[in-house]
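Reader: I'd like to learn how to read a model like this one, feature by feature. Can you walk me through it?

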Amino acid sequence: MTKELTLSIIKPDATRRNLTGAINARFEQSGLRIVAQKRVLLTRAEIEGFYAAHAERSFFDELCTFMTSGPVVIQVLEGEDAIVKNREIMGATNPANANPGTIRKDFAESIEANSVHGSDSPEAAAVEIAYFFSKTEIVG
Ligand code: ATP
Ligand code: MG
């Protein structure tokens, strides 16, 4: 067990329905600590850069439009095995396939508007955290 940091984004479908607190409670109840957090309206350029790995996927344009359609809450979560643990708390990408009790099962509207993002590897977490936060903004 090692203490890790992971990047989380509460997506526009969730901020629109005022679910930020309900989702943060899931993280905290699972032992993850929110060590950085900001609510922002992403620009097209910011989200295209963030999702660069998905640039060739058929849904890329639509995904970037969705992610700039309203505020997002970008956060750094800290905890033991935080990367894998957060992916478990989030549930499968498609809410139809997500396990009961996960954020996406309980809150997601669709495979696209699926309420949360979470880093999927230590390498991705490091890149994604640095994309949005400076070291001094992360207070553990
Ligand atoms: P995230 O990276 O947001 O944590 P994920 O790792 O579960 O989600 P990815 O395959 O990385 O899923 O896809 C990134 C995001 O693209 C998804 O969270 C979802 O919002 C959107 N997405 C994925 N597949 C589709 C699809 N088939 N149609 C529309 N949007 C999709
Ligand atoms: Mg992903």
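**Reading the fold from the inside out**

Author: Let's start with one residue: Ala 113 is buried, with a relative accessible area of 7%. Keep in mind that this is a predicted model.

Reader: Where does Ala 113 sit along the chain, and what is it in contact with, leaving aside its neighbours within four places in sequence?

Author: Ala 113 belongs to the loop between α6 and β4. Leaving aside neighbours within four places in sequence, its contacts are Asp 13, Phe 66 and Ala 108. As for distance, Ala 113 and Leu 41 are 72 residues apart in sequence and 16 Å apart in space, C-alpha to C-alpha.

Reader: Okay, now cores. Which residues touch the most other members of the largest nonpolar core?

Author: The idea is to link buried nonpolar residues through side-chain atoms within 4.5 Å. Here the largest such core has 20 residues, and Leu 7, Ile 9, Met 67, Ile 74 and Phe 132 touch the most other members. At least two residues each come from β1 (3–10), β2 (33–40), α3 (44–50), α4 (60–67), β3 (72–80) and α7 (122–132). The top contributor is α4, with 5 residues. There's also a second, separate core of 14 residues, and Ile 10, Leu 19, Val 73 and Ile 103 are among them.

Reader: Let me zoom in on Ile 74. What is it in contact with, leaving aside its neighbours within four places in sequence?

Author: With those neighbours left aside, Ile 74 is in contact with Leu 7, Ser 8, Ile 9, Ala 36, Gln 37, Lys 38, Val 40, Leu 42, Phe 132 and Phe 133.

Reader: Ser 8 is on that list. Is Ser 8 buried or exposed?

Author: Ser 8 is buried, at a relative accessible area of 0%. You'll find it in strand β1, and its contacts beyond four places in sequence are Phe 27, Val 73, Ile 74, Gln 75, Leu 77, Asn 86 and His 117. Thr 6 is in strand β1 too, and Thr 6 is also buried, with a relative accessible area of 0%. Leaving aside neighbours within four places, Thr 6 is in contact with Gln 75, Val 76, Leu 77, Ala 82, Ile 83, Asn 86, Ser 119, Ala 125 and Ile 129.

Reader: How do I read a helix? Which residues of α5 are buried?

Author: Look down the axis and see where the buried residues point. In α5 (residues 82–90), the buried ones are Ala 82, Ile 83, Asn 86, Ile 89 and Met 90. Seen down the axis, they fall within an arc of 125 degrees, so they line one face of α5. The face turned away from that side carries the exposed residues Val 84 and Glu 88. What the buried residues pack against is β1, α2 (20–29), β3, α6 (103–107), β4 (116–118) and α7. After α5 comes Gly 91, with a positive phi near 90 degrees.

Reader: And α7: which residues are buried there?

Author: Ala 124, Ala 125, Glu 128, Ile 129 and Phe 132 are buried in α7. They cover an arc of only 125 degrees around the axis, which puts them on the same side of α7. Turned away from that buried side are the exposed residues Glu 123, Ala 126, Val 127 and Ala 130. The cover over the buried residues of α7 includes β1, β2, α3, β3, α5 and β4.

Reader: Last one, the ligand. How many residues surround ligand 1, and which are the closest?

Author: 15 residues surround ligand 1, and the closest are Lys 11, Thr 93, Glu 112, Asn 114 and His 117. For polar contacts, look at pairs of N or O atoms. An oxygen atom of ligand 1 is 3.0 Å from a side-chain N or O atom of Arg 87. For the side chain of His 117, an oxygen atom of ligand 1 is 3.0 Å from an N or O atom. An oxygen atom of ligand 1 is also 3.0 Å from a polar backbone atom of Gly 118. Taken alone, ligand 1 exposes 570 Å², and the protein buries 83% of that.

Technical notes:
Residues are numbered from 1 along each chain as its sequence is written. Chains are lettered from A and ligands numbered from 1 in the order in which they are written. This is a predicted model: local features need pLDDT of at least 70, side-chain atom pairs count only at pLDDT 80 or more; totals for chains, interfaces and linings use all residues. Side-chain values use heavy atoms; hydrogens and water are left out. Buried means under 20% relative accessible area, exposed over 50%, partly exposed in between (1.4 Å probe, protein chains only). Helices (H or I, at least four residues) and strands (E, at least two) are DSSP runs, numbered from the N terminus. Contact means heavy atoms within 4.5 Å. The arc is that of the directions from the helix axis to the C-beta atoms. A residue is near a molecule or strand if one of its heavy atoms lies within 4 Å of it. A polar contact is a pair of N or O atoms within 3.5 Å; within protein, one must be able to donate a hydrogen and the other to accept it, and residues adjacent in sequence count only if both atoms are side-chain atoms. Accessible areas come from the Shrake-Rupley method with a 1.4 Å probe; for residues, only the protein chains shown count as cover.
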